[in-house]
Amino acid sequence: MAGVALETTALSLALLAIATVMPALLPCSAELQRFERPAKADGSLSLLVVGDWGRKGQFNQSQVAAQMGKIGEELDIDFVISTGDNFYDNGLKDVQDKAFEESFTNVYTAKSLQKQWYSVLGNHDYRGDVLAELSPLLQKIDSRWLCLRSFILNAEIVDFFFVDTTPFVESYWTNPENDHYDWRDVAPRETYISVLLKDLDAALKASTAPWKIVVGHHAMRSASHHGDTAELLSLLLPILKANGVDLYINGHDHCLQHISSNDSKIQYLTSGGGSMAWRGVFTPTSDKLRFFYDGQGFMSLQLTRTAADIAFYDVFGRVLHEWGVSKHLHPAAKKFPERDKKCWAGFGLLGRLNPREIQLGDARTDPRRDAVTPRAAARFYSFSRASPYLGLLALRPNPEQNPLRFGSPPRPLPCFGVSGRLPPDLLCRHFNKLHELLGKLKQENVSTLTILVMGKGGVGKSSTVNSILGERVASVSAFQSEGLRPIMCSRSRAGFTLNIIDTPGLVEGGYVNEQAIEIIKRFLLNKTIDVLLYVDRLDAYRMDSLDRQVVKAITDTFGKRIWQRSMVVLTHAQLSPPDGLNYDDFFAKRSEALMRYVRLGARIRKQEFQESSIPVVLVENSGRCKTNSGGEKILPDGTPWIPNLVEVITTVIANGSKPITVDQKLIEGPNPNDRGKFFVPLILAFQYFVVVKGIQRAIKQDIKNEPKPLWELRDKGLANRKF
Ligand SMILES: Nc1nc2c(ncn2[C@@H]2O[C@H](COP(=O)(O)OP(=O)(O)OP(=O)(O)O)[C@@H](O)[C@H]2O)c(=O)[nH]1
Ligand SMILES: [Mg+2]
């Protein structure tokens, strides 16, 4: 007994020694503070993100706040994230500082914004009394306020990691100029940063949520005034990449932007347009710039377990850019038919499978996209959350469709879309529906349908292609042209093939892009075009000669006949008409104006044009397009637009005109040597009988009338002159 007691005392002493010495040796590390909040009952989450705002309502802060209120209402948001620089110019003076109410409480007054705000600090906040801004006393003034240096928000389907980025920036420490930074509880910088990164890395590693999102004030990548933050790229980014972070959201640069990492799945999203904006500032950045707006606005984020959709809005609440990403589920999690009663069970090594990826329990319907989150198709019982490699998988699958595959790599595959890709089962349903709608063509023995999509840049060509196919096949960007090459996407079902060809915009720098036309022509060689979708925006109010030139360029390329096989598609159909016009009047006026330019550009006579009228259809590609009870995207009058579009396509095909076959002759255009060939013999005959003969006669007459020279008269013995 004495031995055991001695041993225990020795162990206690050793532990005490370690406990006393270690903190001095190692920077102390504590877990980041965590907050929990549930997702909505349907498993989704919606939120707004705003940054760089606190200016007592000035510099359009109030206007942005009003639009946030409206969009917040529309999206039924759960909370708001602030990316910092909450109070200008120099943070808060103390907890009584009226700036808190003047810039926050009295500005974000809309009902929908009366939710929790999760905020980080920006560099301007560090110039005031930081402890006051972090003080829980502020929650007594406005209970929405929650601001910490770094913390975690577990929201069921997503883990947010809020990171205090200001201390990372070395120049604030070494060269603060006239500014004073409140480094209390932060200095020394190196220790603070190393502890923070260690905690963050550990927390990210432990996270099992489908989505991991990091929020900080400073940008990793930015095309605006401040540009990239070198310290974050070298210190923070490797940790985010190593831990599979999906989005990095920041403020700091007073703009809105979306940049995609070239070597990882991270999307850099800047929402720093809460008040003053830096118009006219642009610096190229490495990585892929998808969207950049140098004005005021904010961002929304909508999440389900398998899809994330972002949208940026301007000060009028107009959507400037939308983008979505979705995660496939593990094959085992596919829905299986109810009627299949077979039960399968297996046990084995599953590879790194995130147990949360497979939804257990009842089917849940996501009303936004009518997606059915995975039903209890598979039940995965992991023995331990920390080690999800080994587990028991109970399946009740149709063996043909869901073969048991242990050890297969089940990592979620990212895929990008205009407004989120449909989950595999819905995608299949979407294509079946499309196929069904095109069934009419099959009855008429048409086995291939090739749709060519053309129009000016940025009008929504690629988005329309994606919407029709229900998946993201073409890149979409609000800010820049997405490459010069056309793409063709083909889908086949039961002997019927649907080809859709998306083309680059036909206008470049105010002129028709001849290079793009050449590339499109070569791409289409030996292809047959059944229908041309000429795309433009419904909300483009004015037309000009450029529109005519674009139509002329299409006509010159494919011939006038292409217009017998075409229809006009107007995107952005979900709009509020200007000048108090009602929707139908606006649509009629817009169509009429566009048609006039099509007729002029195609040089078709008025009567001929009226006889073969080109149909105009409306399209709304936005992820927020209203849907009917069947989940179909609908136009403001309630018409589901995809079936409507497909129906018009079938009527165009059935109008008796022939499809356009693009051959070498069509591409090279008419041979100039062939022009007027028919007149050549006539011209020769005219030249011979009229010109040549006439001249000959005139010469002869002339000769006859001419007085003879003396030498000729002498030769003829007629001259009487003597020499
Ligand atoms: N609200 C709304 N936005 C749309 C619609 N169609 C396209 N957009 C947005 O408009 C922007 C341009 O869309 P794209 O589909 O890339 O246009 P595009 O004609 O293919 O552009 P280029 O290929 O560059 O010529 C993107 O930000 C889209 O999200 C629509 O019907 N409604
Ligand atoms: Mg495009």
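**Loop geometry and helix packing in a predicted model**

Asp89 sits in the loop between strand 3 (79–82) and helix 3 (99–105). The model is predicted. The peptide bond leading from Tyr88 into Asp89 is cis. Its omega is near -10°.

Pro188 belongs to the loop between helix 6 (170–174) and helix 7 (189–206).

That loop between helix 6 and helix 7 also holds Asp185. Asp185 is not a glycine, yet its phi is positive, at about 70°. The relative accessibility of Asp185 is 61%. Asp185 therefore counts as exposed, since the cut-off for exposed is over 50%.

Asn526 likewise has a positive phi of about 70° without being a glycine. This residue lies in the loop between helix 12 (514–524) and strand 27 (528–529). Asn526 reaches 62% relative accessibility, so it too counts as exposed.

Helix packing was examined next. Two packed helices are described by the angle between their axes and the distance between the axes. Helix 13 spans residues 545–558, and helix 14 spans residues 583–602. The two pack at an angle of about 50°. Their axes lie 7 Å apart. Because of that angle, helix 13 is oblique to helix 14. The crossing of helix 13 and helix 14 is right-handed.

The contact between these helices involves residues from both sides. Helix 13 contributes Ser545, Asp547, Arg548, Val551, Lys552 and Thr555. Helix 14 contributes Tyr597, Val598, Leu600, Gly601 and Ala602. By class, five residues in the contact of helix 13 with helix 14 are nonpolar, three are polar and three are charged.

The protein as a whole has 723 residues. It contains 19 helices and 31 strands. Of the residues, 51% count as buried. The protein exposes about 34,800 Å². Carbon and sulfur atoms supply 55% of that area. Among contacts with a separation of 6 or more, 74% come from residues 24 or more positions apart.

Note on methods
Residues numbered from 1 in each chain as written. Chains lettered and ligands numbered in written order. Predicted model: local features only at pLDDT ≥ 70, side-chain atom pairs only at ≥ 80, totals over all residues. Heavy atoms only, no water. Helix = DSSP H or I, 4+ residues; strand = E, 2+ residues; numbered from the N terminus. Buried < 20%, exposed > 50% of the residue type's maximum accessible area, 1.4 Å probe, protein only. Contact = heavy atoms within 4.5 Å. Areas by Shrake-Rupley, 256 points an atom, 1.4 Å probe, with all protein chains shown as cover. Axes fitted to C-alpha atoms, helices over the stretch in contact; angles between N-to-C directions. Parallel < 35°, antiparallel > 145°, perpendicular 65-115°, else oblique. Left-handed = near helix turned anticlockwise from the far one by under 90°. Nonpolar A, V, L, I, M, F, W, Y, C, P; charged D, E, K, R; others polar.
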